[in-house]
Amino acid sequence: MAYSAKIGPSILSSDLSCLGSECVRMMESGADYLHLDVMDGHFVPNITFGHPMVECLRKSVGQDPFFDMHMMVSRPEQWVKPMAAAGANQYTFHIETTTNPGNLIKEIRESGMKVGLAIKPATTVEELAPWANHIDMALVMTVEPGFGGQKFMDDMMPKAGANMIVSGSAVIGSDDPRSVIALLRTVVAEAIQKRSLDR
Ligand SMILES: O=C(CO)[C@H](O)[C@H](O)COP(=O)(O)O
């Protein structure tokens with residue numbers, strides 16, 4: 001059986017004044033999808049951009065790149081429809097930010113997007129587990145949300161078993177992002193294979 005992993009560069013560490021060309025550079029370097037970090041200054045102590053920027057990006061890069069919106073915002077319900085209209089493919093919200101994940105999942109699907117569910121380092125996978133069959137992707141954070149380039153939290157490893165990897169500064173900051181993406185993909189695919197053989 002062939003084991004594969006998907007790599008989604010986070011554009012957080014890129015030159016945000018050149019976001020369109022940075023996204024194209026990542027896709028041309030072999031990225032499987034793009035992880036777009038949306039921050040509102042409330043859920044996290046940082047601000048990035050919102051749906052108007054996503055709409056411009058979509059026009060600039062075309063229909064093909066898959067946009068996974070990592071919504072680090074305090075009211076994720078508010079941005080579902082605007083993000084769908086702007087051209088987002090997946091809406092990944094934080095379980096810590098809503099009292100009604102089921103309703104939000106329904107709204108996201110009705111808007112035509114896939115559903116991602118994220119947890120901060122302090123949140124257990126048990127809180128995520130009841131929604132596992134209702135979502136397309138679980139995002140287990142290995143840094144505190146808000147900033148790229150932080151130290152990887154090794155103690156998050158028991159929560160993971162990942163087949164999709166978000167990597168920002170290591171990919172964006174490299175002179176050779178193609179090699180970094182390929183290396184990440186190979187290492188993760190081999191780990192998945194080993195894990196399945198160990199079972
Ligand atoms: O979600 C994020 C921060 O909130 C970033 O997307 C994530 O941390 C990836 O960036 P890096 O690899 O530089 O840590």
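A: Start with the term strand: a strand here is a DSSP run of type E with at least two residues, and strands are numbered from the N terminus. His 35 lies in such a run, strand S2, which covers residues 34–39. Keep in mind that this is a predicted model.

Q: Why is His 35 called buried?
A: A residue is buried if 20 or more other C-beta atoms lie within 10 Å of its own. His 35 has 26 such neighbours, so His 35 counts as buried. Its contacts beyond four places in sequence are Gly 8, Pro 9, Ser 10, Asp 68, His 70 and Val 166.

Q: What makes His 70 count as buried?
A: The cut-off is 20 C-beta atoms within 10 Å. His 70 has 25, so His 70 is buried. Its place is in strand S3, residues 67–72. Among the residues His 70 touches are His 35, Asp 37 and Thr 92.

Q: Which residues does UniProt list for "binding site"?
A: The unreviewed UniProt entry lists His 35, Asp 37 and His 70.

Q: What surrounds the ligand?
A: The shell has 18 residues, and the closest are Ser 10, Pro 145, Gly 148, Gly 168 and Ser 169. S2, strand S7 (164–167) and helix H6 (169–172) each give two or more residues to this shell. By class, the shell has six nonpolar, 11 polar and one charged residues.

Q: How do you know that the buried residues of H2 line one face of the helix?
A: The buried residues in helix H2 (residues 51–61) are Val 54, Leu 57 and Val 61. Viewed down the axis, they fall within an arc of 60°, so they line one face. Pro 52 and Lys 59, on the other side of H2, are exposed. The cover over the buried residues includes helix H1 (19–28), S2, S3 and helix H3 (80–86). After H2 comes Gly 62, with a positive phi near 90°.

Q: What puts the buried residues of H1 on the same side?
A: Those residues are Leu 19, Glu 22, Cys 23 and Met 26. They cover an arc of only 100° around the axis, so they share a side of H1. Their cover includes strand S1 (6–9), S2, H2 and helix H7 (177–198). Just after H1, Gly 30 has a positive phi of about 105°.

Q: Why is Glu 96 called partly exposed?
A: Buried needs 20 or more C-beta neighbours within 10 Å, exposed needs 12 or fewer, and partly exposed is in between. Glu 96 has 14, so Glu 96 counts as partly exposed. Glu 96 sits in the loop between strand S4 (90–94) and helix H4 (101–110). Beyond four places in sequence, Glu 96 touches Lys 120 and Thr 123. The C-alpha atoms of Glu 96 and Thr 123 are 8.0 Å apart, while 27 residues separate the two along the chain.

Q: Which residues touch the most other members of the largest nonpolar core?
A: They are Leu 34, Met 69, Met 71, Met 83, Ala 88 and Tyr 91, in a core of 45 residues. Take Ala 88: its contacts beyond four places in sequence are Val 54, Phe 67, Met 69, Met 83 and Met 113. In soluble globular proteins, nonpolar side chains tend to be buried together.

Conventions
Residues numbered from 1 in each chain as written. Predicted model: local features only at pLDDT ≥ 70, side-chain atom pairs only at ≥ 80, totals over all residues. UniProt positions renumbered as here; feature names shortened; annotations may be inferred. Helix = DSSP H or I, 4+ residues; strand = E, 2+ residues; numbered from the N terminus. Contact = placed C-beta atoms within 7 Å. Near = placed C-beta within 6 Å. Nonpolar A, V, L, I, M, F, W, Y, C, P; charged D, E, K, R; others polar. Arc of directions from axis to C-beta. Core = buried A, V, L, I, M, F, W, Y, C linked by C-beta atoms within 7 Å.
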